[in-house]
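This briefing covers nonpolar cores, a helix pair and some backbone features. The sequence and structure come first.

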Amino acid sequence: MSETIDLVKEINRLKKEKNAVILAHYYQVPEIQDIADYVGDSLGLSQKAAETDADIIVFAGVHFMAETAKILNPDKTVVLPDLKAGCSLADSCPPDSFEAFTKAHPDHVVITYVNCSAEIKALSDIVCTSSNALKIVQSIPEETPIIFAPDKNLGRYIMRETGRDMLLWDGSCVVHEAFSIDKLIELHKKHPDYKIIAHPESETHILDTAAYIGSTSGMINFVKQHPTEKFIVATEAGILHKMQEEIPTADLIPAPAVEDNTCACSECHFMKMNTMQKLYDCLLNESPQIHVSENIIERALLPIERMLELSK
């Protein structure tokens with residue numbers, strides 16, 4: 001039966017029936033972005049999760065994002081279309097190793113990028129996203145040493161922009177490290193009138209080529225300010241759907257990846273695990289649900305709330 005039903009119609013019906021909200025990341029497949037109540041980056045999604053009055057939050061993203069929504073809404077049902085939708089960056093920071101790392105530097109303020117597990121957030125003083133990382137680092141007194149985790153590329157970018165010396169955890173995102181500098185230069189030679197815009201999770205040699213560096217929402221806003229210009233976009237290729245929809249006059253090309261794949265661009269396998277069928281199934285069955293222990297929620301909530309307060 002599921003093969004023949006109108007998924008869009010049924011998802012919208014279930015959403016009203018169950019008082020559910022669908023939150024989707026920019027890297028989701030286009031049809032999920034189109035049916036979502038809100039599409040955004042990690043900061044925007046956290047803010048929406050914090051303020052929703054829905055009974056059920058359907059999080060079309062990856063596991064750490066749904067965990068963040070559950071920490072902010074412990075009494076609500078939070079479902080993720082595919083529980084296996086993880087994150088290479090979050091996986092690069094195991095809680096036991098990170099706890100030992102923080103204990104070895106007890107005088108440091110611990111700032112963690114939101115792309116980490118609930119357990120890592122619980123070990124943090126404050127959480128940040130790529131949208132507000134600079135502001136949050138700058139809010140810490142200059143004489144206070146900082147641990148920044150788990151993304152070393154974002155950490156290096158912040159250090160370069162702020163002049164702060166931070167102790168970095170050695171983690172990274174395979175998607176943002178997959179861009180080929182050689183292919184990018186080659187592409188730019190073919191299209192010299194295209195400006196390169198990049199996400200700060202990218203490696204330094206990619207950022208050095210960029211006319212603009214910013215979060216996914218920052219990149220969209222930058223293109224909105226230059227609606228008739230041409231851009232090579234160095235982040236997960238899913239962003240191009242919403243970017244093109246919001247700025248139809250802009251010419252956009254995804255930055256090339258090292259590996260040859262179907263789109264010749266950089267895609268997050270985990271983000272693409274969520275499908276319309278899985279979205280429908282998880283809303284219908286209210287499963288798979290995200291569960292976070294009370295102890296972790298209690299400890300992780302404060303650093304997330306500090307981030308939200310500083311982002312107002």
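In which loop is the place of Glu286? Glu286 sits in the loop between H14 and H15. The model is predicted, and the points below are grouped by topic.

**Backbone features**
- Most residues other than glycine have a negative phi, and most peptide bonds are trans.
- Glu286 is not a glycine, yet has a positive phi of about 50°; its relative accessibility of 27% makes Glu286 partly exposed.
- The loop between helix H14 (276–285) and helix H15 (294–310) also holds Pro288, and the peptide bond from Ser287 to Pro288 is cis, with omega near 5°.
- Asn19, likewise not a glycine, has a positive phi of about 50°.
- Asn19 is in the loop between helix H1 (7–18) and strand S1 (20–25) and is partly exposed, at a relative accessible area of 33%.
- A cis peptide bond runs from Ala149 to Pro150, with omega near -10°; Pro150 lies in the loop between strand S7 (146–149) and helix H9 (152–162).

**Nonpolar cores**
- The largest nonpolar core has 101 residues, and Ile11, Ile111, Val233, Ile239 and Met243 have the most contacts inside it.
- Apart from that core lies another, of 10 residues, including Cys93, Val110, Ile147 and Trp169.
- Among the residues Ile11 touches, beyond four places away in sequence, are Ile22, Ile35, Met276 and Leu279.

**Helix pair H12 and H13**
- Helix H12 (residues 216–225) packs with helix H13 (residues 239–246) at an angle of about 30°, their axes 10 Å apart.
- H12 is therefore roughly parallel to H13, and their crossing is right-handed.
- H12 contributes Thr216, Met219, Ile220, Val223 and Lys224 to the contact, and H13 contributes Ile239, Lys242, Met243 and Glu246.
- By class, this contact has 5 nonpolar, 1 polar and 3 charged residues.

Note on methods. Residues numbered from 1 in each chain as written. Predicted model: local features only at pLDDT ≥ 70, side-chain atom pairs only at ≥ 80, totals over all residues. Heavy atoms only, no water. Core = buried A, V, L, I, M, F, W, Y, C linked by side-chain atoms within 4.5 Å. Buried < 20%, exposed > 50% of the residue type's maximum accessible area, 1.4 Å probe, protein only. Contact = heavy atoms within 4.5 Å. Axes fitted to C-alpha atoms, helices over the stretch in contact; angles between N-to-C directions. Helix = DSSP H or I, 4+ residues; strand = E, 2+ residues; numbered from the N terminus. Parallel < 35°, antiparallel > 145°, perpendicular 65-115°, else oblique. Left-handed = near helix turned anticlockwise from the far one by under 90°. Nonpolar A, V, L, I, M, F, W, Y, C, P; charged D, E, K, R; others polar.
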